[in-house]
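Please open the structure in your viewer and keep the selection tool at hand.

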Protein chains: 2
Amino acid sequence: MPPILIAGAGLAGSLLAAQLARAGYRIALHERRADMRRVPVAAGRSINLALAARGWEGLRRAHATNLVLHQALPMRGRAVHERSGAVHMQPYGIDADEVIWSVHRGQLNQTLIDVAADAGAELHFNSRLDGVDFEARRARLVDENDGSVRELKFEVLIGADGAGSAVRAAMEAEAPLGQHTDFLDHGYKELNIPPRGDGAPTLDPTALHIWPRGGHMLIALPNPDATFTATLFLPHAGAVSFSACADPAAGRALFARDFPDVLALIPDFDAQYAAHPVGVLGTLRCPRWHRGDRALLIGDAAHAIVPFHGQGMNCAFEDCVELLDLIEAARRAGGTDWQQVFARFEQARRPNAHAIAEMALENYVEMRDAVADPGYQLRRRLELELARRLPGHFLPRYSMVMFSSLPYAYARERGERQRALLLELTAGKSSLDEIDLDAAAASVAARLPPLNG
Amino acid sequence: MPPILIAGAGLAGSLLAAQLARAGYRIALHERRADMRRVPVAAGRSINLALAARGWEGLRRAHATNLVLHQALPMRGRAVHERSGAVHMQPYGIDADEVIWSVHRGQLNQTLIDVAADAGAELHFNSRLDGVDFEARRARLVDENDGSVRELKFEVLIGADGAGSAVRAAMEAEAPLGQHTDFLDHGYKELNIPPRGDGAPTLDPTALHIWPRGGHMLIALPNPDATFTATLFLPHAGAVSFSACADPAAGRALFARDFPDVLALIPDFDAQYAAHPVGVLGTLRCPRWHRGDRALLIGDAAHAIVPFHGQGMNCAFEDCVELLDLIEAARRAGGTDWQQVFARFEQARRPNAHAIAEMALENYVEMRDAVADPGYQLRRRLELELARRLPGHFLPRYSMVMFSSLPYAYARERGERQRALLLELTAGKSSLDEIDLDAAAASVAARLPPLNG
């Protein structure tokens, strides 16, 4: 039997390869880039990731929980840095043990590649997918080192090759998909914050730091080596933009005005600012994710989203779990009907991928703006209070997304209803003391059904 | 069914736990110390390890090859530092791809604990084995944090708890084992060599460095962070000894005389020398390794050896493989007869454990003295030449130990015969040019049978 060919040894591809190889499938994993375990990834392109419940479930299914846990740092909440310099902490969870985890993309990816290889997947690096003959089940792969070409017969082809997917391009070449990418008019630039002279971190390493400034923001996530990875999100064009701040001097002036505390922490600011590229962000909407019983797109290749909910990887890992479950169920039913597996996958995942794409866009506004808003803060306090009073009945949307495996579409829809209630209950109020919490809880319990699941 | 209880989450215990858990056995792994993934191990007690063929086979059987490979550094040979300051390289292998691998004990151990946990083993730290009721198959475990006691029923108990094994002590308490430890009259002290100011390593990172000085020596192994771990081996007592060099000033004087190049690389020599303990080294000879069908000792708990062949871990990992194979064979035969498994294990491993113990002692003399000897160097060159000319027929003893899985006992016995031939062929000679290599190869081929395996 020819192998299941997975294109892309990024996070989703290597996790899926690990899961499937471990379940006994023959897997060939082909990656265009060099083996990142040997060749370092370029700086400035490695946004840290926030691992949450869905991501952990994916890792559990690849038997990699412990391996990743010990390279991850818990973040208990957002540390919001106001213009005044004041910092206030907004906890993520209802309980102190509800945290999200900062992981280094490169390190995590390397671990997953190792786990896939150790599970028995066949790995090929510098191997670029150059074309697919879907009818014949053959992929054309070019060796990026010497240009040599090989043809590989596959059972099915899984495109886990990111927003610029070559598998998607091959599907598009055969028949237009109607795909569309909405680019955000904001981009990002990464900067590294070194430790203090004595090796200690310069900021609280148990928080995700945000400097919300209305139309733009800076964030920073902790790394295990006491550094932080800071990311500046800024419009591409306009008065305050990457165009207006194209050179280090203008970047420095922006930081001096909006993030002076961070500027003081980056001694080589100018060099980093000049060297690190501006990344683009977008939402990919692709109406078709599979090509009959031959090929399927997962993760960013199917539904790239903006990073503001920290769910791109978590969503892709949930894709892997869902796909694994469908494949395993089909195998147990006797013989895998790939057409049916792929169709079911698309049907189940599409509404959820759409929902998280929208919530990720909404969350940008929340992060760069609302977290500093008193109304938002009051609603946030109230929803945490309601969640404590109404377990099984009320869960903040953020918690549904980050700390549960409730479907994203459900979280979004329910979140809308909850938001309306929260707006109503906080109308005209400026602190929790002014709200009759017993009455509020009773009202919410009466007007919302219990949570699913 | 009660679990297989493994005492000790060191290298052997965690590897065996990973292998058995992955094979479907219920494993409880109890470790007296705190979880090293959270609590750093004390400095000066973490000698680097040299991973070789037997070790890799153990890792392969736990599906951890790739995970470990990317934290390991290849060492292609010994870099012998003479008193004159001259350095010459003695390759380890017959081919350039025969290398041994420097790994950091702590990092490797953490990975193996993660792999064991991810494979499904139940982990308990700060859990000290305080006594065993072998008849009732019950272990008494004390929580080192709060002193609380729990009794744990086990199917069998595996002592992977090192030279000071509590399982061995429990066996001894029931009936004397006749065990004996020969302590070496030399001890060791570890020192860390930092990178250069620009972050580069100060020595060749692809070699194991030796400064042989006759009665004592210094070695250094590379680490991935561009540091080296240097280990000074010195008699406990005498003119040049740890007693005579008890304080940093005396240690510094010794280094200034015998290892001035290394002294120059350790800016905080005095602090390290004062802070790092002198470790003892010994060979454990224990006539009994198992207690009927109830308990078995593996690794250092059964046969601790001196570190000079870099085989302590490799031998322990080979124990794990052998035990796993015996258990799996017994299961396939229907129902595990533990008495038989343990007896067979002991029978198979004892001669090999004895052989590597002896070879490790012999290798100390080779390292601290012979590597600098012209006669040794000539024999070494000749044996590499013979190995190239007689594949399948001649393999240096070092290669049999490090690069093959030929039994240690066989390697030792065969090594004796080969040594006699090498001495004969090099008698009166001072360079390879003086030796008729065709005639030498023919003579060896005629007088030695082909290699086993």
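Begin by selecting D438(A), an exposed residue with a relative accessible area of 55%. The model is a predicted one.

Now select D130(A) and R140(A), which form a salt bridge whose closest N and O atoms are 2.8 Å apart. Because D130(A) lies in strand β9 and R140(A) in strand β10 of chain A, the pair ties together parts that are ten residues apart in sequence. D130(A) is partly exposed, at 35% relative accessible area, and R140(A) is also partly exposed, at 34%.

Move to chain B and select R257(B) with D258(B), whose side chains meet in a salt bridge at 3.0 Å, N to O. D258(B) is buried, with a relative accessible area of 1%.

Finally, display both chains. How many residues does the contact take from chain B and from chain A? The contact takes 16 residues from each of them. In chain B, select N66(B), H70(B) and D118(B), which lose the most area to chain A. Then select α4 of chain B (105–118); this helix supplies six residues, the largest share of the side that touches chain A. Between the two chains there are zero salt bridges, but 14 residue pairs are in polar contact.

Key
Residues are numbered from 1 along each chain as its sequence is written. Chains are lettered from A and ligands numbered from 1 in the order in which they are written. This is a predicted model: local features need pLDDT of at least 70, side-chain atom pairs count only at pLDDT 80 or more; totals for chains, interfaces and linings use all residues. Side-chain values use heavy atoms; hydrogens and water are left out. Contact means heavy atoms within 4.5 Å. Buried area is the accessible area (1.4 Å probe) that two parts lose on being put together, summed over both. A salt bridge is a side-chain nitrogen of Lys or Arg within 4 Å of a carboxyl oxygen of Asp or Glu. A polar contact is a pair of N or O atoms within 3.5 Å; within protein, one must be able to donate a hydrogen and the other to accept it, and residues adjacent in sequence count only if both atoms are side-chain atoms. Helices (H or I, at least four residues) and strands (E, at least two) are DSSP runs, numbered from the N terminus. Buried means under 20% relative accessible area, exposed over 50%, partly exposed in between (1.4 Å probe, protein chains only).
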